[in-house]
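Please look over the sequence and the structure shown here before reading the notes that follow.

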Amino acid sequence: MAQAPGNRPLSPHLQIWRWGPAMLVSILHRVTGNGLAFAGIGLLLWWIGALAGGPASYQSFLDWVWLGTGGGLQVLTALLGKIVLVGLTWAFFQHLATGVRHLVLDIGAGYELDTNARWSSFTLLFSVAATAFFWAFVLLR
Amino acid sequence: MGNGTSIGRVRGLGSSHQGTHHWLLSRLTAVGNLVLIPWLLVSLALLPDHTFATVHSWAAKPVASTALVLILINTIYHARLGIQVMLEDYIHDEGGKVAVWLFINIVPFAAAAFGIVSVIRIALGGA
């Protein structure tokens, strides 16, 4: 690499900028999308494959991911499974909200700084609220 | 697309010469997921319990089986497009690009095939 002649302006990287909601939801869209793609579709295939395999394989799926009835390592993976499933529902709602934000931006709307920041923040509130509502409904009804 | 001036020949096309097809399919499958995944979440949440018998008989119903197959096609295709964009942003060496090309052209199709065969088995009363 050629040595830059002194005092040239350098391109600032992530840690230089003051973080705003638009930057945060932009990278969250990518992170949640890839999390859903690998962990989410992985679990979806495990679940549907276990369901197709019959009662024993479905029970094994439940034991490893949620119940932990087998004891030992399953207690750990069942705890991890709950964290991952709640995390995936949050990731889904976040990706859904930022995805809709992208559809709105695609038509050329919502680029004003305050509008952009407001709707970016709203996606964060929405994903947390929707995740809380979904799990409250599943666990408390 | 025009065929006269140079701007007319490239308008709407990127360096891949496929233009907006990838982008458009990403949006199309996004809208599909916007309908299909809330349907899955609501359906699962409304089941009386999640024992094998309950979940299996629910998944075997024609509407549920159809939606599950559509979910497997739609989410996996959407994921493939998104993962491709992510990897294209971060993988720059030639060997890595070949690995990415192999990955995104093999794994999603194998995954979808496994999932769809599973749903068909449930729907047609195997196991």
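B:A59 counts as buried because 20 C-beta neighbours lie inside 10 Å, and a residue needs 20 or more to be classed in this way. The model in which B:A59 is seen is a predicted one, and the residue is found in helix 3 of chain B.

**Surroundings of B:A59**

- Leaving aside residues up to four places away in sequence, B:A59 touches B:A64, B:S65, B:L68 and B:I122 within chain B, and A:L51 in chain A.
- B:A59 and B:G125 are separated by 66 residues in sequence, yet their C-alpha atoms are 11 Å apart in space.

**Chain B as a whole**

- Chain B contains 5 helices and 0 strands, so that its pattern, when read along the sequence, is α-α-α-α-α.
- Of the 127 residues that make up chain B, 17% count as buried.
- When contacts in chain B between residues at least 6 apart in sequence are considered, 63% of them join residues that are at least 24 apart.

**Helix 2 against helix 4 in chain B**

- Helix 2 (residues 21-46) of chain B packs on helix 4 (residues 62-90) of chain B at an angle of about 140 degrees, and the two axes are 8 Å apart.
- The two helices are therefore oblique to each other, and the crossing of helix 2 of chain B and helix 4 of chain B is left-handed.
- Residues making this contact include B:L25, B:L36, B:W39 and B:L40 on helix 2 of chain B, and B:L70, B:I71, B:Y77 and B:L81 on helix 4 of chain B.
- By class, the residues of the contact between helix 2 and helix 4 of chain B comprise 11 nonpolar, 9 polar and no charged.

**Helix 4 against helix 5 in chain B**

- The axes of helix 4 of chain B and helix 5 of chain B cross at roughly 170 degrees and come within 10 Å, and these two helices are therefore roughly antiparallel to each other.
- Among the residues that make the contact are B:S65, B:L68, B:I76 and B:R80 of helix 4 of chain B, together with B:V100, B:P108, B:G115 and B:I122 of helix 5 of chain B.
- The contact of helix 4 with helix 5 of chain B divides into 17 nonpolar, 3 polar and 1 charged residues.

**Contact between chain A and chain B**

- In the complex, 25 residues of chain B are in contact with 22 residues of chain A.
- The elements giving two or more residues to the side of chain B that touches chain A are helix 2, helix 3 (52-60), helix 4 and helix 5 (94-123) of chain B.
- This side of chain B is made up of 18 nonpolar, 5 polar and 2 charged residues.
- Helix 1 (residues 21-53) of chain A and helix 4 of chain B have axes that come within 10 Å and cross at roughly 145 degrees, and the crossing is left-handed.
- Residues of this helix pair that take part include A:R30, A:N34 and A:I41 of helix 1 of chain A, with B:L68, B:T75 and B:M86 of helix 4 of chain B.
- The contact of helix 1 of chain A with helix 4 of chain B is formed by 8 nonpolar, 4 polar and 1 charged residues.

**Confidence**

- The pLDDT of chain B averages 91, and 87% of the residues score at least 70.
- For the complex, the predictor gives an ipTM of 0.88 and a pTM of 0.88.
- Where pLDDT is low, the predicted coordinates should not be read in detail.

How values were computed. Residues numbered from 1 in each chain as written. Chains lettered and ligands numbered in written order. Predicted model: local features only at pLDDT ≥ 70, side-chain atom pairs only at ≥ 80, totals over all residues. Axes fitted to C-alpha atoms, helices over the stretch in contact; angles between N-to-C directions. Helix = DSSP H or I, 4+ residues; strand = E, 2+ residues; numbered from the N terminus. Parallel < 35°, antiparallel > 145°, perpendicular 65-115°, else oblique. Left-handed = near helix turned anticlockwise from the far one by under 90°. Contact = placed C-beta atoms within 7 Å. Nonpolar A, V, L, I, M, F, W, Y, C, P; charged D, E, K, R; others polar. pLDDT = per-residue confidence, 0-100. Buried ≥ 20, exposed ≤ 12 C-beta atoms within 10 Å, placed from the backbone.
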